[in-house]
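Please consult the sequence and the structure shown here while reading.

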Amino acid sequence: MYRGLKKLEITAMRRSLDYWGAFDLSGEFDFIVRQGEKNDLFAVTPEVKYYVIGRDPEPVFAGLYMGSLGKKALVLSMEGAYMVASVSDKKKIKVTGQAESLVVYGRDVFGSSITWADESIQQNERIIIANKYGEAIGIGRARFDHKGLFQDKVTVNTEADMGLYIRGQEEVSGG
């Protein structure tokens with residue numbers, strides 16, 4: 001069932017978007033939640049919001065899937081990370097072309113592959129892994145703060161990547 005956001009959900013969403021430096025997105029889009037085991041958050045236009053809420057049968061997807069909305073935070077999806085990375089550099093690293101290929105296959109990031117990192121990154125924080133153009137290719141967790149990110153060892157664990165969708169398609173098709 002799709003519905004609008006409750007007051008606490010709006011607060012959690014805005015707090016999470018602020019963490020990523022993309023608070024302004026909360027004013028640019030309308031947001032709806034598909035209620036289920038997890039509350040999935042979608043960014044939609046006002047027209048789509050009007051059409052989707054209360055429809056029977058309901059559409060499977062509506063708008064851009066931003067992630068799972070919990071009681072305290074939004075866990076970004078890759079689509080949400082892509083949108084956030086397009087408007088903000090906060091909590092983001094950029095990697096070399098070779099590292100980009102490895103991240104897309106789910107590999108962790110070596111510090112020597114990082115070309116740029118936001119100075120506000122702290123140890124164990126979730127970060128967006130981006131290519132040289134700043135486009136999100138993965139979501140990871142920093143093993144070190146900003147100064148330690150550039151060491152010649154694995155410094156970022158990849159938790160989600162753009163290649164997951166492609167690998168999933170190969171499993172379905174048997175290829």
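Pro57 lies in the loop between helix 3 (46–52) and strand 4 (64–69); helices (H or I, at least four residues) and strands (E, at least two) are DSSP runs, numbered from the N terminus. The peptide bond from Asp56 to Pro57 is cis, its omega being near 0°. The model is a predicted one, in which local features need pLDDT of at least 70 and side-chain atom pairs count only at pLDDT 80 or more, whereas totals for chains, interfaces and linings use all residues. Residues are numbered from 1 along each chain as its sequence is written, and side-chain values use heavy atoms, with hydrogens and water left out.

**Backbone geometry**

- Most residues other than glycine have a negative phi, and most peptide bonds are trans.
- Lys91, although not a glycine, has a positive phi of about 55°.
- The loop that holds Lys91 runs between helix 4 and strand 6 (92–95).

- Five strands form an open sheet in the order 1-2-3-4-5, with antiparallel pairing; two strands pair if DSSP finds at least two bridges between them.
- Strand 1 (2–3) and strand 5 are the edge strands, each pairing on one side only.
- Three bridges link strand 4 and strand 5 in the antiparallel sense.
- Ser68 has Val75 as its bridge partner in strand 5.

- A second open sheet has six strands in the order 7-11-10-9-6-8, and its pairing is mixed.
- At the edges are strand 7 (109–110) and strand 8 (114–117), each of which pairs on one side only.
- Strand 7 and strand 11 (residues 154–161) run antiparallel and are joined by two bridges.
- Val109 has Val156 as its bridge partner in strand 11.

**Domains and their contact**

- The protein chain is assigned domain 1 (2–85) and domain 2 (89–166), with bounds that come from an automatic or database domain assignment.
- Domain 1 gives 12 residues to the contact and domain 2 gives 16 residues, where contact means heavy atoms within 4.5 Å.
- The C-alpha centres of domain 1 and domain 2 are 25 Å apart.
- About 1,100 Å² is buried between domain 1 and domain 2, and carbon and sulfur atoms give 69% of this area; buried area is the accessible area (1.4 Å probe) that two parts lose on being put together, summed over both.
- Tyr19, Trp20 and Met78 supply 55% of the area that domain 1 buries against domain 2, more than any other three residues.

**The side of domain 1 that touches domain 2**

- Helix 1 (7–19), strand 5 (74–76) and helix 4 (78–87) are the elements that give two or more residues to this side of domain 1.
- Helix 4 contributes the largest share of this side, five residues.
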